[in-house]
Each structure stands twice: as structure tokens, then as C-alpha cells.
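Please look through the structure shown here, and then read the report that follows, which takes up a listed site and then a helix.

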2 protein chains.
Amino acid sequence: MAQVNGNYLKLKAGYLFPEIARRVKAFSEANPEAQIIRLGIGDVTEPLPEACRTAMKGAIDEMGTREGFHGYGPEQGYLWLREKIAASDFQARGCQVSAEEIFVSDGSKCDSSNILDILGEGNRIAVTDPVYPVYVDSNVMAGRTGDADDAGRYGGLTYLPITAANGFTAEIPTEKVDLIYLCFPNNPTGAVATKAQLQAWVDYARANDALILFDAAYEAFIQDPELPHSIYEIEGARECAIEFRSFSKNAGFTGTRCALTVVPRGLMGTAANGERVELWALWNRRQCTKFNGVSYIVQRGAEAVYSVEGQAQVQALVAFYMQNAAIIRRELTAAGIQVYGGEQAPYVWLKTPENMDSWGFFDHLLGKAHVVGTPGSGFGAAGEGYFRLSAFNSRENVQEAMGRIRAL
Amino acid sequence: MAQVNGNYLKLKAGYLFPEIARRVKAFSEANPEAQIIRLGIGDVTEPLPEACRTAMKGAIDEMGTREGFHGYGPEQGYLWLREKIAASDFQARGCQVSAEEIFVSDGSKCDSSNILDILGEGNRIAVTDPVYPVYVDSNVMAGRTGDADDAGRYGGLTYLPITAANGFTAEIPTEKVDLIYLCFPNNPTGAVATKAQLQAWVDYARANDALILFDAAYEAFIQDPELPHSIYEIEGARECAIEFRSFSKNAGFTGTRCALTVVPRGLMGTAANGERVELWALWNRRQCTKFNGVSYIVQRGAEAVYSVEGQAQVQALVAFYMQNAAIIRRELTAAGIQVYGGEQAPYVWLKTPENMDSWGFFDHLLGKAHVVGTPGSGFGAAGEGYFRLSAFNSRENVQEAMGRIRAL
């Protein structure tokens with residue numbers, strides 16, 4: 001009988017969001033009259049920008065003619081898109097990132113898990129706690145961890161607690177690690193890192209020959225002009241970091257699907273035989289062999305994000321969600337709840353009242369206010385006693401949800 | 001320094017198609033006046049069906065409203081699409097495949113390489129020779145092979161020659177293997193398997209507890225009503241086979257991106273500790289963790305393939321390309337070249353004249369007729385002395401290319 005990858009058997013029962021969906025479904029079936037408001041999963045709700053829609057329709061018209069038809073595109077993405085990304089997202093902020101270093105993909109979730117394909121089995125891996133579950137689960141599935149303990153911590157991983165005490169940006173590890181996952185603005189805590197904080201990480205990585213996997217999926221939500229949007233704003237980052245970006249949250253592409261990964265030329269790793277190998281070449285080979293590029297139609301939609309109209313429409317979307325975040329912060333604070341995040345990120349991270357545990361507060365909020373959030377413990381053991389609310393919803397729903405919470 | 005996956009260093013210099021692109025570019029730069037006709041890579045050329053374009057535009061309009069907006073969809077694909085696929089592609093042909101067993105994805109290339117994520121390292125793997133290079137390269141990258149020999153054969157793999165002598169359908173192996181990659185209609189030879197031939201494979205797999213990975217990306221091109229389109233038309237296949245399908249070639253989605261994989265419920269594998277594990281559950285977990293579903297817009301386009309208009313438009317596309325294949329077969333035969341395939345598949349597989357080797361014939365054809373094909377040796381050692389021509393092009397280009405070849 002064909003042998004399976006037994007590492008999957010180490011995974012804890014369910015990915016966080018399916019478990020939330022299961023509880024919501026059960027509640028909803030038992031209480032069909034309840035008007036549930038979902039501030040749980042970080043999914044956008046507002047219409048796709050008009051510039052993107054117009055561009056995609058134009059692409060579809062092209063595909064209806066023999067001259068304008070596009071078959072297989074470059075696995076790395078079309079150059080016209082990669083050049084706009086390089087210029088607008090990176091070079092305009094002083095980052096030395098070229099179009100060649102940008103790999104367009106169908107999602108940051110895919111890229112941040114697929115990146116393990118090109119990395120070896122001997123790396124010591126550090127993740128923050130709490131953390132976006134995909135970083136951990138993809139390592140478990142790839143056999144880079146031991147078994148989980150009762151708190152859900154996997155053997156072999158280095159967990160870096162992010163707490164109120166360290167401003168939710170994690171301490172630099174005292175031991176040597178080889179791979180570090182960082183996400184700023186942070187999912188789930190909504191924290192953000194300063195240039196000085198990121199410089200400390202880059203300095204650590206260079207001193208320890210470590211690789212930083214930097215997830216910047218929420219960079220568009222940064223409001224403070226002094227804060228870095230990209231790891232490549234930090235001196236030396238090209239020698240030690242890969243960055244993930246997405247159109248999901250800024251342009252509302254969660255259902256349209258487009259993202260990108262930056263792998264700098266000259267960024268090196270080491271094979272088990274000691275040979276130095278360029279990661280760009282490995283990722284390029286991986287994408288050419290195991291991926292066929294993003295839909296031409298979708299890439300034209302992503303390109304429109306960089307038009308004058310597209311930029312204005314994306315900024316309006318971001319501003320809308322950030323106003324929601326401000327309302328959530330204000331109302332929860334007025335209700336006597338301690339809140340974090342939500343100022344440079346679309347997530348508000350709150351301390352559960354009366355020392356409730358995270359799932360207890362989830363059930364309480366669902367049962368009493370019919371509001372769905374995300375239990376902090378679902379993101380890691382150090383998230384216990386915390387809870388995430390997302391600013392992705394209509395103004396009306398956010399205000400209604402906050403009214404219900406204040407009434408509790 | 002971060003350790004890389006050293007298995008990538010075992011890969012031969014280039015994936016086949018980039019090497020072709022390199023030679024064509026060099027020739028084109030040296031001969032800017034040459035009108036090159038590309039019958040190499042299997043990429044479609046004709047416009048996207050109108051039914052698909054109309055449906056995608058409708059989906060874009062929906063995305064422009066708050067009520068019709070679609071964010072994250074199910075990682076497995078929308079049920080309305082999975083149900084149509086199950087009914088039309090499988091149940092209508094007597095296959096017991098349910099919507100739940102269908103996983104919609106962005107490409108068969110992705111799925112047929114990602115499937116290794118859920119399979120163990122101890123499997124003995126069989127591939128045909130010649131073979132679609134992705135099956136081999138993805139195994140090399142995942143560390144399931146040894147090094148390559150001078151002929152390009154990797155240690156640890158079982159190669160099953162497909163030749164004129166066995167009708168290009170491969171002999172059942174005499175040794176025990178655990179995983180078998182089969183592709184019918186075949187890429188690159190254009191051969192097709194009968195029900196009796198597939199039954200022999202299924203019987204072998206069941207007797208040997210082996211898993212068949214069946215690639216049916218070209219099933220729409222089958223003309224003979226007696227031939228099976230799906231492995232699940234074969235008794236017992238649900239217990240031993242996973243099937244890959246694509247919208248790339250039937251509906252011209254190579255640049256639009258949609259495909260699917262069928263994993264039957266109850267299909268089992270074994271973990272190293274002897275535990276029996278359902279492959280459906282592993283693939284479902286893999287997709288939920290490492291993939292975020294296909295663009296809503298694209299899924300609406302794929303759904304339109306199953307409408308009355310969509311079916312008529314897809315059948316017209318298939319008929320058009322198959323007429324090209326018939327022209328290629330007829331003209332090459334008249335030129336004294338031995339041809340295979342091209343009757344139930346969009347590929348014609350030819351014996352190179354005068355015992356030229358495959359790359360020699362490639363250079364000859366490019367240099368003298370300005371026609372690009374694919375060297376058989378690029379698909380495996382047993383493909384040496386063969387050459388693939390694709391029927392994917394305009395009528396005018398196919399006729400012009402054949403005229404030039406006859407004139408040689």
C-alpha cells in the first residue's frame with residue numbers, strides 16, 4: 001500500500017478557522033433567529049475596486065480574440081506587473097528590489113508554506129507565539145517538527161513569545177536559529193515593528209547566518225509615515241530576507257487571488273555538502289516546475305492597483321477599514337476592555353475580561369452578542385487569554401457589534 | 001546560514017521548455033526575418049469560449065457590489081462548480097464520483113507535483129519513459145530519487161518504456177511498485193489506453209497495494225466512444241487511483257487557470273507506523289493549509305463550460321485542434337515520416353527521419369523550416385529519436401508549417 005506522509009498525523013485536530021466555522025454553524029442551527037456578525041476570519045467585505053474590475057473586463061475581451069489571447073504566461077508573472085510592483089511598492093520607498101526578484105503568485109498562504117520546498121531539513125526554526133497558524137502547520141507537514149505537547153507547542157520549533165511586555169514584537173532569541181518567521185503589521189496582534197526593531201532582527205540574522213521570512217501582507221494599513229512597510233527598507237536585509245506581499249487585504253483580492261514573493265538576487269543558503277546556493281535560482285526552479293503562473297485576467301486586475309484611480313480606490317478601502325478599527329478600539333476601551341493593535345493594522349487584539357480563556361470568551365461573545373471573533377489561543381499557547389477582532393466588515397455591522405458588546 | 005533543499009542540485013540543467021525557448025530566442029535574434037511557427041509547447045491559441053467570458057464578466061460585476069462580493073471561497077472550490085463537474089465529467093459516464101471528492105485548483109501541473117506532499121518517502125515510484133517532465137522533477141525535488149545518470153535517468157525510479165512495440169501504453173511492471181504515474185491520452189506520444197489496458201493497471205495496483213496517479217488532462221480529445229475518459233470508468237479504480245483533470249486544453253484555460261483533482265473517499269494509504277490513513281483527509285488538509293482556492297471569477301468561467309453554449313463552444317475548439325492534428329498526420333505521412341498519436345490526442349509523435357537524434361531534428365526543423373517542435377529525448381531517454389508536434393495553432397500556421405516540412 002502506498003505510504004503516506006505520516007507528519008500529517010502530528011497536526012492538531014483542526015485548522016483554527018474550520019473549528020470556528022463548526023461552532024458558528026452549530027450555534028446558528030440552534031438559534032436560527034440570531035443575526036450573527038463575523039469579525040473573526042480576516043476576510044474583506046467591501047466591493048472590488050472599480051479600476052481592477054475594469055481592467056479585468058478588458059483582459060477578458062482580449063482573451064476573446066486570437067490576437068489578444070493569452071495562454072501560458074511566465075511562471076514568475078508578467079513583466080509589466082512585476083515592474084510596477086518593483087517601482088511602486090519597493091523602489092519608491094528606497095528599497096533596491098528589481099522586477100526580476102518579484103514572483104507573482106496566487107496567494108501569500110501558498111508562498112509562505114511552499115517556501116519550505118527549497119529549504120533543508122536541518123534548519124532550526126523560530127516562530128512568534130501567537131503566530132499565523134500556516135507557518136507552523138506547514139513546518140509540521142514538511143516534517144520539520146516533533147510532536148505537539150498539550151499546549152499545542154511542537155517539539156523542535158523555537159517559540160518567541162510576543163506579549164504586551166515586549167510590545168508584541170518578540171525578543172531577539174538568545175540561541176542560534178536558522179529561519180525566522182516575522183509578520184508586521186502583525187497577524188494576529190495588530191502590532192507593528194519600527195525600523196530600529198527590524199534592524200535588530202536583520203543584524204541578528206546576518207550575525208547568525210539566518211534567513212528571515214517576512215510577511216508584509218498588511219503593510220498597506222500602516223498609518224505612521226515613519227514605520228517601515230518592507231524589510232528591504234532595513235540596511236542589510238537583501239542578504240538575509242525573503243518578503244511576502246498580497247493584494248488580498250489592500251485591494252480586496254481574497255476571492256480574486258494575487259500575491260507576490262520577493263527573493264533578492266545574491267541571497268544565499270547552504271546545501272548539506274557545504275555548497276553555497278542562490279535561493280532565487282531554487283525558487284525560480286520551484287515555481288517553473290510546480291506552478292503555472294497567475295491568471296492573465298487577474299494579473300491585469302492587480303496591475304490596475306497601481307493606476308492613479310486604483311491607488312485612490314485602494315487608499316479609500318484601507319481608510320474605511322481603519323476607521324472600523326478605530327471604532328472597535330474606542331468602544332472596547334469604553335467597555336473597560338484592554339485593547340492592543342488596530343492603529344497600524346486591521347486587527348484589534350484584546351485581553352479577555354475577567355480572565356476568561358480564549359475559547360470561553362469566543363463562546364460567550366457568540367452566545368450573548370452573536371459576534372464572532374478569533375480566540376487568541378488558536379494562534380498559539382501565548383495567545384491564551386487574548387482575542388482577535390477584525391476590522392473587515394461594513395460600518396453598520398461594526399457599530400452594531402460594538403453596541404452589543406457594550407450592552408453585555 | 002540557512003540550509004537549502006539539496007535535492008534541487010540533482011536536477012538536470014533546465015526544464016525542457018525553457019531550453020527550447022532559449023534556442024528559439026537565439027535563432028530568432030540571428031534570423032530576425034524568419035517567420036517562426038511554434039508547434040512545440042502544448043499551449044492553446046484560439047479565443048476563450050464566449051460562454052466563459054460572459055460568465056466571468058458577470059462575476060466581476062457581482063464583485064463590484066457589497067451583496068455580490070466574494071472573499072475567501074472554500075479551499076476545495078465552490079460546491080456549484082464541484083457538483084457540475086461530478087455530474088457531467090464523471091456520473092454521466094457511469095463513474096461514482098461525488099462533488100465532495102473533487103478539489104478545484106489552479107492547475108494540474110501544481111496538483112500533480114503537490115500530491116507528493118501527502119505521500120511518504122518510502123514509496124517505489126514508476127513513471128513511463130518518455131514522460132511529462134513534471135512527474136519526475138517533482139520527485140527529484142522532494143528527495144524521492146537518487147542522482148541522474150548520463151542518459152538523464154534518476155536512480156530509485158522505475159522507468160517503464162513506452163514504445164511503438166507496446167503501442168505506447170507501457171508494460172505492466174514485473175517488480176512491485178507503490179506509485180504509478182499514468183497519462184492518457186498521453187503527453188507526449190498522443191497514445192491512448194483502452195478499458196482493457198487500464199483494467200490491467202487497476203488490477204495490478206490492487207494486487208500490489210499501489211496507487212495510480214492518473215493524468216486525464218487531454219480526455220476531451222478522445223474521439224472513439226469506446227475509449228475511457230476517466231480511470232473511474234474502470235472497475236476497482238476508486239480503491240487505487242487519484243485523477244487529475246484540467247480546463248486548460250478543452251476550454252483554452254492555459255492562461256486563465258483552473259483544474260481539478262479527484263480523490264475518492266475511502267482510498268487509503270499507510271503511515272510508517274502501519275496506521276491506515278484516508279488520502280482524501282490528507283489532501284483536504286493540505287489544500288486547506290497551503291492553498292486558498294481558485295479565483296471566484298475563474299470558477300464562474302469554468303462553470304460556464306458545462307452550460308449548453310459552453311459545451312458546444314468547447315466541442316468546436318476540440319474539433320478544430322483535432323482537424324489540425326489530422327492535417328499534421330496526413331502531411332507528415334505523405335512526407336515519408338512515421339507518425340503516431342494525433343487521433344485521440346492533440347499531439348503527434350513522430351520518428352525522426354534518417355536516424356537524426358531528437359535535438360538534431362529540433363535544430364534542423366528550426367533552422368530549415370522555422371518550425372518549433374519538442375525533442376522526444378526531452379521527455380526521457382526512450383524518447384530519443386522521436387519528436388512531438390502539437391496541434392495547438394491556427395489552421396493557417398499548421399498548413400504553412402506542413403508545407404515547409406514537405407518542402408525539406
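## A residue from the listed site

In which helix of chain A does A:Lys109 lie? A:Lys109 belongs to helix H4 (residues 108-114) of chain A, where helices (H or I, at least four residues) and strands (E, at least two) are DSSP runs, numbered from the N terminus. This is a predicted model, in which local features need pLDDT of at least 70 and side-chain atom pairs count only at pLDDT 80 or more, while totals for chains, interfaces and linings use all residues. Residues are numbered from 1 along each chain as its sequence is written, chains are lettered from A and ligands numbered from 1 in the order in which they are written, and side-chain values use heavy atoms, with hydrogens and water left out.

An unreviewed UniProt entry lists A:Lys109 and A:Tyr132 among the residues under "binding site"; its positions are given in the numbering used here, feature names are shortened, and annotations may be inferred rather than shown by experiment.

## Burial and contacts

A:Lys109 has a relative accessible area of 6%, so it is buried (under 20% relative accessible area; exposed is over 50%, partly exposed in between, with a 1.4 Å probe and protein chains only). Leaving aside residues up to four places away in sequence, A:Lys109 touches A:Tyr132 and several residues of chain B, including B:Glu75 and B:Asn292, where contact means heavy atoms within 4.5 Å. A:Tyr132, in the loop between strand E3 (125-129) and helix H5 (133-141) of chain A, is also buried, because its relative accessibility is 14%.

## Helix H9 of chain B

Among the buried residues of H9(B) are B:Val314, B:Tyr321 and B:Glu331, and what covers the buried residues includes helix H2 (50-63) and strand E15 (386-390) of chain B. After H9(B) comes B:Gly336, with a positive phi near 85°.
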